Amino acid sequence: MATSGVREDKYRTFLYGEGEKNTKWRYGSPPNYDDVNKLFEEGRTKVWPSGSLEEKVQNLVKTWEMEMFHKTCFDDHKSVDPKNYTFSLNGRKPVTLEEKRKLGGGYNTFLQTTLPEKFRAYNPAEETVDSAQVAFTTAFPRGFALEVLQVYSGPPVIVYKFRHWGYMEGPFKGHAATGEIVELYGMSIFEVDEHMKVVKVEFFIDRGELLGGLMKGATLDGSTAEAASTCPFLRGTG
């Protein structure tokens, strides 16, 4: 049977097709998740039944991550209600999409900290969304995969436990690659409206679990670290 020829992603919606023809992508075109999908399929600990609540939540979170990291125009975000959406980390004050952008967006949103600056191994206040993306995609050239481990409640208030992982096969902030797996576990709450649009997100994570795994490698000298961090390939998260 002939196929339509339209590219699709197995785990994410709102990425390809007619509905995305005018989408403003951060790096000019839709991200390619082939590598991180392979990492996910090889390393996941759960294989949820097709159509299950767990599978639906997992795909929703992957789609949400994709839009947050790669779509620059809020009106192009189809997994959320841009006008009512808020995000909070570890119980902090919720922020809107615009306020989230001012925090640096992307990885910086998840790595906010109250540590004094001299103790910040990674300082989100000094990073842009692009510099953060380069730092993490250099460290994780195959991506940073996501799986949902358990769903405690379904819509409209979705509560779930997740695992992120990747292999540190590139340097990070002056630290050499270790080749080891780096994992991050956490809890999250997604509140959706009657149209299944996300209106509220809360994450509870320990950023030290992620950063500690990225700073185990030997210290690189400045020239080596700078050269290694200029990777032009910005692969997927989740």
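Tutor: Before the strands, a convention: helices (H or I, at least four residues) and strands (E, at least two) are DSSP runs numbered from the N terminus, and two strands pair if DSSP finds at least two bridges between them. This is a predicted model, in which local features need pLDDT of at least 70 and side-chain atom pairs count only at pLDDT 80 or more, while totals for chains, interfaces and linings use all residues. Residues are numbered from 1 along each chain as its sequence is written, and side-chain values use heavy atoms, with hydrogens and water left out.

Student: OK, which residue is the bridge partner of V192 in β5?

Tutor: V192 is bridged to V198 in β5. Strand β4 (residues 181–192) and β5 run antiparallel and are joined by seven bridges.

Student: And in what order do the five strands of the open sheet come?

Tutor: The order is β1-β5-β4-β3-β2, with mixed pairing. β1 (86–89) and β2 (145–153) each have a single partner strand, so they stand at the edges and one side of each is left without a neighbour in the sheet. Neighbouring strands are turned against each other by 20 degrees on average, direction ignored; for such angles, axes are lines fitted to C-alpha atoms, for helices over the stretch in contact, and angles run from 0 to 180 degrees between N-to-C directions.

Student: Which strands does α2 touch?

Tutor: Taking contact as heavy atoms within 4.5 Å, α2 packs on the sheet and touches β1, β2, β3, β4 and β5, its direction making about 130 degrees with that of β2. Helix α6 (residues 207–214) lies across β4 and β5 and runs at about 155 degrees to β4.

Student: Switching to pockets, how much space lies in the largest pocket?

Tutor: It holds about 280 Å³. On a 1 Å grid over the protein atoms alone, a pocket is an open set of points with protein on both sides within 12 Å along at least five of seven lines, a cavity is a set where a 1.4 Å probe fits but cannot get out, and lining residues have an atom within 4 Å of a point. Grid points are joined across faces, edges and corners, and a volume is the space filled by probe spheres set on the points.

Student: Which residues are closest to the centre of that largest pocket?

Tutor: Of its 19 lining residues, T13, K56, N59, L60 and T63 are closest to the centre. Helix α2 (residues 53–70) gives the largest share of this lining, six residues. By class the lining has eight nonpolar, five polar and six charged residues, where Ala, Val, Leu, Ile, Met, Phe, Trp, Tyr, Cys and Pro count as nonpolar, Asp, Glu, Lys and Arg as charged, and the others, Gly among them, as polar.

Student: How many cavities of 30 Å³ or more are there by this rule?

Tutor: The count is two. The largest cavity has about 140 Å³ of space, and of its 13 lining residues E65, F110, F144, H164 and L184 are closest to its centre. Its lining divides into 10 nonpolar, two polar and one charged.

Student: And what lines the second largest cavity?

Tutor: That cavity, with about 30 Å³ of space, is lined by W64, M68, F69, K100, G106, T109 and F110. The elements giving two or more residues to this lining are α2 and α4.
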